[in-house]
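This report describes a strand pairing and a nonpolar core for a reader new to the structure. The sequence and the model come first.

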Amino acid sequence: VLPFPSQVVYNRVGKCGSRTVVLLLRILSEKHGFNLVTSDIHNKTRLTKNEQMELIKNISTAEQPYLFTRHVHFLNFSRFGGDQPVYINIIRDPVNRFLSNYFFRRFGDWRGEQNHMIRTPSMRQEERYLDINVCILENYPECSNPRLFYIIPYFCGQHPRCREPGEWALERAKLNVNENFLLVGILEELEDVLLLLERFLPHYFKDVLSIYKNPEHRKLGNLTVTVKKTVPSPEAIQILYQRMRYEYEFYYYVKEQFHLLKRKFGLKSHIRKPRPRPEFFIPSPLETEEPMDDEEDDEKWLEDIYKR
C-alpha cells in the first residue's frame, strides 16, 4: 500500500476544461511516473450493471499508482466489492457549459475548422446553422429539459433517477461530492483548482501550475477554444436559467464548498465579480427523455500532438 492515494478517478464532465487537464496529465504522468489510464470510449456515460462491474474490475487491476479518466457518471466501486478510489472533477457555469457544447458540436475549435464535419457528419445544414435563440425560444429538444440536465448525473451516479431533473438527483449528487470527491473545482478559477490539486495530490500534480503557465503549453490550450460562439438574447438566457434550476443549485453548492476549501488553505479569490444568482420562474414540466451523449475524441487528438 503506497503512503498516498494510489487510485484516483477523474470522471470528467464534458466541456468543463477536461481537454486542458488531460493534456497536463499526459505531461505529469511522464514526469512523475504514475499510470495514466484512459479510455477509447468517449460518448457512453451511463452503464448497465454488468458494464459497471467490468469497468470497475479493469480499473481496479491497473498498475498503481494510477489516475483513470473518462467521461462517465459516478461509479460506486464499493457496491461491487472494490476499494473506493479518490475522485476529482471540475465543473463550470451551466449556461456557459451548454453554449460551449452547442457550438462545439457544430463548428469544432481552433484545431481545425473541419473537425466538426468529422465529429457530426450526419448533422443537417439547417441544424448546424440553427440560431441558438430559435433553439431555446422554440423549445427544440437540444435546448430543453432534460438535455440541459447534464452536470448533476456525473456526481449522482448510474441510478436511472440520476438522469431525471429533480431534488432526488440533486441531493444524491451533493452527498457524493461530500463523501467521495477529494476536490470538485470550478473552471472559472482553474489556477486555484490546480494549486489545490498540487497540494492534495503532489505525487500526481507537483509542478502542474508551472506547466500550465508555460507559453508553449498555453498555445496548445488555446487551440481547444470553441469557435463561432455567440451569446443568446437576455430572454433566451433567462429561459435557460429556468430550465437549469437544479444544475445551478448544484453549481452554487459546489462553488461555495470550493471557496471554503480555498479559504482554509489560504487562497484568495482574484476573479471578476460573478453574475447575480438567477431568479428562477416556476419551472416548466420536466420531461424524462434521455440526455444527450457527449461526442468528444480527446485522447486521439492528444496522441496526435505527442507524435508531432
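Which residue in β5 does Ile90 stand opposite? The residue opposite Ile90 is Gly185 in β5. The model in which this pairing is seen is predicted.

**Strands**

Strand β4 covers residues 86-91, and strand β5 covers residues 181-186. The two run parallel and are joined by 5 bridges. Ile91 has Ile186 as its bridge partner in β5. Strand β4 also pairs with strand β1, residues 7-10. Here 3 bridges make the link, and these strands too run parallel. Within that pairing, Val9 has Tyr87 of β4 as its bridge partner.

**Nonpolar core**

The largest nonpolar core holds 86 residues. Seven of its members touch the most other members: Leu67, Ile91, Phe98, Ile152, Phe155, Phe205 and Phe250. Helix α14, residues 245-264, gives the most to this core, with 8 residues. In soluble globular proteins, nonpolar side chains tend to be buried together.

Ile91 belongs to this group and is also bridged to Ile186 in β5.

Phe205 is another of the group. Apart from neighbours within four places in sequence, Phe205 is in contact with Leu25, Leu28, His32, Leu67, Ile88, Leu197 and Glu198. One of these contacts, Leu67, is likewise among the core members that touch the most others.

Technical notes:
Residues numbered from 1 in each chain as written. Predicted model: local features only at pLDDT ≥ 70, side-chain atom pairs only at ≥ 80, totals over all residues. Heavy atoms only, no water. Core = buried A, V, L, I, M, F, W, Y, C linked by side-chain atoms within 4.5 Å. Buried < 20%, exposed > 50% of the residue type's maximum accessible area, 1.4 Å probe, protein only. Helix = DSSP H or I, 4+ residues; strand = E, 2+ residues; numbered from the N terminus. Contact = heavy atoms within 4.5 Å. Pairing = 2+ DSSP bridges.
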